[in-house]
Amino acid sequence: MSENQKFILIDGSSMLVTNYYGNLPKALLFEKDPVKKEKLFSQIMHNDAGQYTNAMYGMMRTILKIIKEQKPTHMMFAFDMTRNTFRREKYPDYKGNRGETPEPLKEQFVNMEKLLEDMGFQVMYDMQYEADDIVGSVAARFEKEIPSYIITKDHDYLQLVNDYTRVWLIQTKQETADELLNKYGAEYGFNSKMVSIPDKAFEVTPPLCLSEYGVRPEQIPDLKGIQGDTSDNIPGVKGVSSAAMPLLARYGTMEKIYEAIEACADVKEQKALNSMWKEELGITRSPLKAMIQYKELALLSKDLATIRRDYEFDKSLDDFKIRIDADKAKSEFEKYGFKSLTDKII
């Protein structure tokens, strides 16, 4: 593994959405009425041709800053194409709580993907798989050859953290990232001067994942299987979320928890198991009944929360090398009105 190399894998959907809402006019951000909202669309940053550019501009500025400061040798972007992936086939309500993507953002997804491709980046998306499955599959194939760093706001990606891959988890505010760095800096021997990481990011390693989020990276799907995940509408097991971490600390996986439950031959043994959980694990409210009642839902929830690493793609590591077409970038920047970014093209 060459230490001079660095592979940055970017959750493009997460980054574009963050920049869309981060660069919206305040009036639009707080307007609830859909009709009034639409009338305010003209206030969104756009180019001479009337194409919306607020999300694209913010994202491109971020990317160029990351390239300049992190000096990666390889980079890729993954985007979500649709919510109707294989997960919705398994559970029709998956992500069913999310509203429609606003038109000005929808348009920028298409234009941003094309802009990145035109500049020479690898941009990947699929109708069956989500962005995190694509990133998980690419990281899994190459992470032992090259140090890999994933940039996202999405906690699901923490399950990909290991000795070769880190997640640079983007926080809402720089202060939060700084607090986390200060909290763990002394213990793990790093500080912001030593560790160069992107703005608002916090670098998650396997021990940090356990310290901050209460489980090891590989247990993230188990945790979401029990607790659920409201952002993705994953149900989990009702009413037992506080018991999830102590149970996983003891048993390791959800399947092993169920082995312990199913090893009880009768009510008497179930009561003994409950007592042990209370005394040894500090679980005051018994999760046993709910775990039994919602077993199928729990296992389905874990499956929905598990990032796939079997997405098939025919690219070599060399295909992900950064080779920016500067002339193409300049002409595209001119088209979109990104004049202030032209001299930042590397």
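Biologist: What makes the meeting of the Glu280 and Arg250 side chains a salt bridge?

Modeller: In this predicted model, the N to O distance between Glu280 and Arg250 is 2.8 Å, and a salt bridge asks for a side-chain nitrogen of Lys or Arg within 4 Å of a carboxyl oxygen of Asp or Glu, so the pair qualifies. The pair links distant parts of the chain, with Glu280 in helix H13 (residues 267–281) and Arg250 in helix H11 (residues 241–251), 30 residues apart.

Biologist: Why is Glu280 called exposed, and why is Arg250 called partly exposed?

Modeller: Glu280 has 52% relative accessibility, and exposed means over 50%, so Glu280 counts as exposed. Arg250 has a relative accessible area of 37%, which falls between the limits of 20% and 50%, and is therefore partly exposed.

Biologist: How do you know that Asp303 and Lys90 form a salt bridge, and which parts does the pair tie together?

Modeller: Their closest N and O atoms are 2.7 Å apart, and the cut-off is within 4 Å, so the contact between Asp303 and Lys90 counts as a salt bridge. Because Asp303 lies in helix H15 (residues 295–305) and Lys90 in helix H5 (residues 86–90), the pair ties together parts that are 213 residues apart in sequence. Asp303, with a relative accessible area of 24%, is partly exposed, and Lys90, with 43%, is partly exposed as well.

Biologist: How far apart along the helix are Lys114 and Asp118, and what makes their contact a salt bridge?

Modeller: Lys114 and Asp118 are four residues apart in helix H6 (residues 103–119), which means that about one helical turn separates them. Their closest N and O atoms are 2.8 Å apart, and the limit is 4 Å, so Lys114 and Asp118 meet the criterion for a salt bridge. Lys114 is partly exposed at 48% relative accessibility, and Asp118 is partly exposed at 21%, because buried would mean under 20% and exposed over 50%.

Biologist: How many salt bridges does the structure hold?

Modeller: The structure holds 24 salt bridges.

Biologist: What makes the surface patch of Arg61, Lys68, Lys71 and Lys344 positive?

Modeller: The patch is formed by Arg61, Lys68, Lys71 and Lys344, and Lys and Arg count as positive, so the patch is a positive one.

Notes: Residues numbered from 1 in each chain as written. Predicted model: local features only at pLDDT ≥ 70, side-chain atom pairs only at ≥ 80, totals over all residues. Heavy atoms only, no water. Patch = residues over 30% accessible without salt bridge, like charges linked within 9 Å, V, L, I, M, F, W, Y side chains within 5 Å. Areas by Shrake-Rupley, 256 points an atom, 1.4 Å probe, with all protein chains shown as cover. Charge placed at Lys NZ, Arg CZ, Asp CG, Glu CD. Helix = DSSP H or I, 4+ residues; strand = E, 2+ residues; numbered from the N terminus. Buried < 20%, exposed > 50% of the residue type's maximum accessible area, 1.4 Å probe, protein only.
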